[in-house]
Each structure stands twice: as C-alpha cells, then as structure tokens.
Amino acid sequence: MTTVFEPIDLAGTRLANRVAMAPMTRSRAYGPGASPTPLMAEYYAQRASAGLIITEGVQPSVVGQGYPNTPGLHSREQVEAWRQVTGAVHEAGGVIFAQLMHTGRIGHPVLLPDGLAPVGASPVAASGQVFTGEGMKDFVTPVELTEEGIADTIADFAAAARNAVAAGFDGVELHGANGYLLHQFLSTNANRRTDGWGGSVAGRIRLVVEVARAAAEAIGAHRVGLRISPGNHPYNDIVEDDPEATHTALVDALDPLGLAYLHIGELADRDLTLRLRKQWSGTLILNPATPGAVTGPDALELVEDGVADIVSFGALFLANPDLPARLAAGGPFNTPDPATFYGGDERGYTDYPALGG
C-alpha cells in the first residue's frame with residue numbers, strides 16, 4: 001500500500017513525499033511592480049518540506065490581475081524578485097511550481113493601469129463583488145476577447161511559463177479552475193460565444209487546450225500542470241450545464257500532451273473525480289471536497305486507496321509550515337486565522353510555529 005510519505009517521480013522530478021501545498025492567494029506582493037518580497041521567500045521556504053509547493057496565483061499579464069497585491073511573472077523585475085523565493089525553497093530542499101492565474105472577468109478597472117479593463121470569454125458580468133484598495137466593488141462587464149486578444153492571451157501564458165523557468169521555478173500550474181479566465185471559457189454562463197471558442201464542448205475546451213499546448217512547447221510538458229474544478233462553482237459565479245461532458249473531453253484532449261500532472265479541486269462529485277482519474281494517464285493531484293471544513297488528515301487515505309497520487313492541502317498548510325511532519329505524527333495542528341489570510345504583514349503568514357517551536 002502506497003502512503004503519502006513515500007517519494008514519487010513527477011515527470012522526472014523526484015518529490016520527497018505526496019503532500020502538496022495547494023495554491024492560496026495571500027496578497028502580500030508589496031515589491032515594486034507587483035513583485036514578491038523577502039517575506040514571501042521566508043513564507044515559502046518555511047513550507048519546503050512539502051513534496052510540491054504550488055504558489056499563489058501569479059498573473060501572466062498586466063490585465064490578468066484581479067486582486068490587490070498579487071504577484072506577476074510578466075516583467076524582468078518580477079522574474080528577478082522571484083529568484084529569491086525559488087532560491088530559498090531549493091536551498092531548503094523543496095520543489096516549487098508557479099501557478100499562472102489570469103482572473104479574466106473577476107476583477108475591476110481600479111486594480112489595473114488606466115485604460116485597461118477586465119476581459120472575458122463574453123461580455124457577461126459575474127454576480128458578486130471584488131475587494132479593491134477602494135473597498136468592495138461590483139464586478140464589471142468584461143471586454144470580450146477578440147481572436148487577436150485570445151492569441152495574445154495564449155502567448156502571455158507561454159511567456160509567463162518561460163519567465164517562471166528563468167526565475168528558477170521547477171514548473172508551472174495553469175489555473176483552469178475556480179471561475180477564472182480559463183474556467184470562464186469552459187463554463188456555459190460566462191462563455192456565450194458562437195465562434196470556434198465557444199458553443200460546443202469542443203469550442204469551450206479549446207482555450208485551455210491551446211494554452212496547455214503553448215506552455216508545454218515553451219518549457220516542456222514535464223514542467224506543466226493544470227488545475228481544474230469541474231462543476232458549478234460556489235466562487236465567482238460559474239455555471240457548467242455539462243461538467244462531465246466538458247471535463248472528460250478536456251482530459252481526453254490534454255492527455256496526449258504528457259503534462260506533469262492534473263490537479264483536481266473537487267467540489268462534490270467524487271464519481272466524476274474517479275472517472276477523470278481513470279482517463280488521465282499521468283500523475284493526479286487531488287484537493288478533495290471538504291464542505292465546511294479544511295482538508296485534514298483523513299485525506300491521507302486518498303493516496304492509500306489509489307484515488308489520487310498526491311493530495312494537496314490549503315488552509316492547513318497555511319497554518320502549519322511543517323505539515324508533512326505533523327501529518328506523520330498525527331498532529332497537533334495550528335488553527336488557521338482567516339482574519340490574516342489576505343494582505344497584512346508577518347502575522348498569520350510566517351509566524352505560525354513549527355513543532356517544538
């Protein structure tokens with residue numbers, strides 16, 4: 001029986017264990033031009049005992065930013081600043097992928113340079129509000145991406161993947177989940193296009209497939225993962241009328257590319273997770289559905305039962321920098337403090353104690 005504490009080969013990269021740190025937005029990129037800081041390097045290095053660290057969402061372009069103080073990977077300044085993060089993680093023995101997240105219609109013009117507005121698959125505003133430096137604001141109607149805009153977006157993801165490797169990352173995860181741009185194209189309420197990028201299942205999965213292909217061509221498929229969250233998402237107003245048809249078609253199209261992994265952010269449908277698991281020939285990472293709770297020690301059974309190859313932990317890893325050791329010991333576990341999740345200083349960020357500390 002395989003356990004989470006055994007190493008695994010991830011497309012040629014050896015991971016010390018099968019516990020991954022899930023991507024979590026922390027909004028502390030206070031460096032010049034949305035760059036990471038030494039405090040961020042400390043935060044990630046503290047968690048280097050993870051088999052794999054997947055960073056917070058990193059925008060691949062200026063217009064891809066949807067929240068305050070989130071970092072980018074589209075400028076030389078950002079690449080240089082990320083090297084302090086990757087260097088610190090590698091020095092501590094860790095493996096780290098950058099999650100490339102274009103938020104699409106989730107955002108607001110006040111978060112972008114003058115003249116820019118959020119973009120999307122179709123001019124359909126999401127229901128809800130976003131936090132900005134000026135307080136909470138309603139989501140706006142996004143600018144519909146043209147054919148040229150779609151081509152530029154694909155190129156932006158590929159360029160950001162190259163920048164990630166230049167910054168010392170071991171690979172990238174493409175964010176196709178949680179209601180952001182790639183997921184918006186997969187959905188049936190945010191994507192109302194009737195051209196080759198919408199309408200049918202084949203049209204709606206096309207952007208995700210093309211972005212994955214471009215990133216794989218840019219840095220090698222063995223350095224590229226993809227995160228999905230099939231279904232009607234509770235965040236960011238996403239509706240999928242046919243999540244099974246959409247995501248089985250997506251996995252069929254992606255599997256031949258030989259990507260490093262597929263990362264499922266499970267909403268509720270374990271049957272669909274198992275079907276995708278059977279379809280996917282590569283490594284599968286699972287962030288399991290835990291309604292009303294954080295992913296906890298019970299998730300270790302998912303590797304033992306063969307449901308997943310790797311399990312990702314979010315809030316529990318946020319609060320427990322030495323989570324693999326705590327899982328092996330059966331606890332105890334620090335309790336996450338939601339008041340310090342987004343923005344702020346070292347409090348609720350780098351001051352969670354390790355065992356014995």
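**Exercise 1.** Which radius of gyration would a compact globule with 357 residues have, and what does the protein chain have?

*Solution.* Start with the ground rules: this is a predicted model, in which local features need pLDDT of at least 70, side-chain atom pairs count only at pLDDT 80 or more, and totals for chains, interfaces and linings use all residues. Residues are numbered from 1 along each chain as its sequence is written, and side-chain values use heavy atoms, with hydrogens and water left out.

Next, take the rule, 2.2 Å times the number of residues to the power 0.38, with the radius taken over C-alpha atoms. For 357 residues a compact globule would come out near 21 Å, and the protein chain has 19 Å, which agrees. Finally, picture the box that the C-alpha atoms fill: roughly 55 × 45 × 35 Å along the principal axes.

**Exercise 2.** Find what share of the protein chain is buried.

*Solution.* Apply the cut-off first: buried means under 20% relative accessible area, and exposed over 50% (1.4 Å probe, protein chains only). By that test, 57% of the 357 residues are buried.

**Exercise 3.** Work out how helix H7 is oriented by listing its buried and exposed residues.

*Solution.* Helices are DSSP runs (H or I) of at least four residues and strands (E) of at least two, numbered from the N terminus. In H7, residues 270-279, the buried ones are Leu272, Thr273, Leu276 and Arg277. They lie on the same side of H7, because their arc around the axis is only 145 degrees; directions run from the helix axis to the C-beta atoms. Now turn to the face away from that buried side: Asp271 and Lys278 are exposed there. Last, look for the cover, with contact meaning heavy atoms within 4.5 Å: the buried residues are covered by elements including helix H6 (243-254) and strand E12 (261-265).
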